[in-house]
Amino acid sequence: MSYYEGLPFYLALLVFLAIALVRGTLEKPLGRYGLFASLAIMFCVFAENPAELIYVLIFYVWSMALIFGYASLRKKKGRDANIYHSAVILSILPLAMSKISGALHFGLFAFTGISYLSFRVIQII
């Protein structure tokens, strides 16, 4: 399955949307269901290429460590420009590695959505 391609993708979206609609109508919270639906779609999309799934997982762990590490340092040391700039540079590193490796044709950290996710991490920081 690929993002925005083919009938299986849209059928899966339709099923998850229908369940969300029913849950919303019953005034059930969508938080955990939304997480489950997102992870299920991601797994289906990245399951065809296990390397991409591994890259997404590594990116996730890297990003979460960076976000929580920066938050911890900010609590201890307050607003420090050097720490902030270092965190932003470290959050751009996977995206830069992806773009450089793409130009060299070996595809390190190449997965669909890395640009969007990188910019979201920077936004959180």
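Visitor: Which residues in H1 meet which residues in H2?
Guide: From H1 there are Phe 9, Ala 12, Leu 13, Val 15, Phe 16, Ile 19, Ala 20 and Arg 23, and they meet Tyr 33, Phe 36, Ala 37, Ala 40 and Ile 41 in H2. Contact here means heavy atoms within 4.5 Å. Keep in mind that this is a predicted model, where local features need pLDDT of at least 70 and side-chain atom pairs count only at pLDDT 80 or more, while totals for chains, interfaces and linings use all residues. Residues are numbered from 1 along each chain as its sequence is written, and side-chain values use heavy atoms, leaving out hydrogens and water.

Visitor: Why are H1 and H2 called roughly antiparallel?
Guide: Their axes are 11 Å apart and pack at about 175°. Angles under 35 degrees count as roughly parallel, over 145 as roughly antiparallel, 65 to 115 as roughly perpendicular and the rest as oblique. H1 and H2 are therefore roughly antiparallel. The axes are lines fitted to C-alpha atoms, for helices over the stretch in contact, with angles from 0 to 180 degrees between N-to-C directions.

Visitor: What makes H3 and H5 roughly parallel?
Guide: The axes of H3 (residues 50-77) and H5 cross at roughly 10° and come within 10 Å. By that angle, H3 and H5 are therefore roughly parallel. Phe 59, Ser 63 and Ile 67 of H3 make the contact with Ile 114, Leu 117, Ser 118, Val 121 and Ile 124 of H5.

Visitor: And how do H4 and H5 run, roughly parallel or roughly antiparallel?
Guide: The axes of H4 (residues 81-103) and H5 (residues 114-124) come within 9 Å and cross at roughly 175°. H4 and H5 are therefore roughly antiparallel. By class, their contact has eight nonpolar, four polar and one charged residues.

Visitor: What makes the pair of Phe 9 and Tyr 10 edge-to-face?
Guide: A search of the whole structure finds four aromatic pairs. In this one the rings are 5.3 Å centre to centre, with 85° between the planes. Rings of Phe, Tyr and Trp (its six-membered ring) pair if their centres lie within 6.5 Å; planes under 30 degrees apart count as stacked, over 60 as edge-to-face and the rest as tilted. Phe 9 counts as buried at 3% relative accessibility, whereas Tyr 10 counts as partly exposed at 42%.

Visitor: Then why is the pair of Phe 16 and Tyr 33 called tilted?
Guide: The ring centres of Phe 16 and Tyr 33 are 6.4 Å apart and the planes are at 55°, so the pair is tilted. Phe 16 lies in H1 (residues 6-25) and Tyr 33 in H2 (residues 31-46), so the pair ties together parts 17 residues apart in sequence. Phe 16, Tyr 33 and Phe 36 form one aromatic cluster.

Definitions and conventions:
Helix = DSSP H or I, 4+ residues; strand = E, 2+ residues; numbered from the N terminus. Nonpolar A, V, L, I, M, F, W, Y, C, P; charged D, E, K, R; others polar. Buried < 20%, exposed > 50% of the residue type's maximum accessible area, 1.4 Å probe, protein only.
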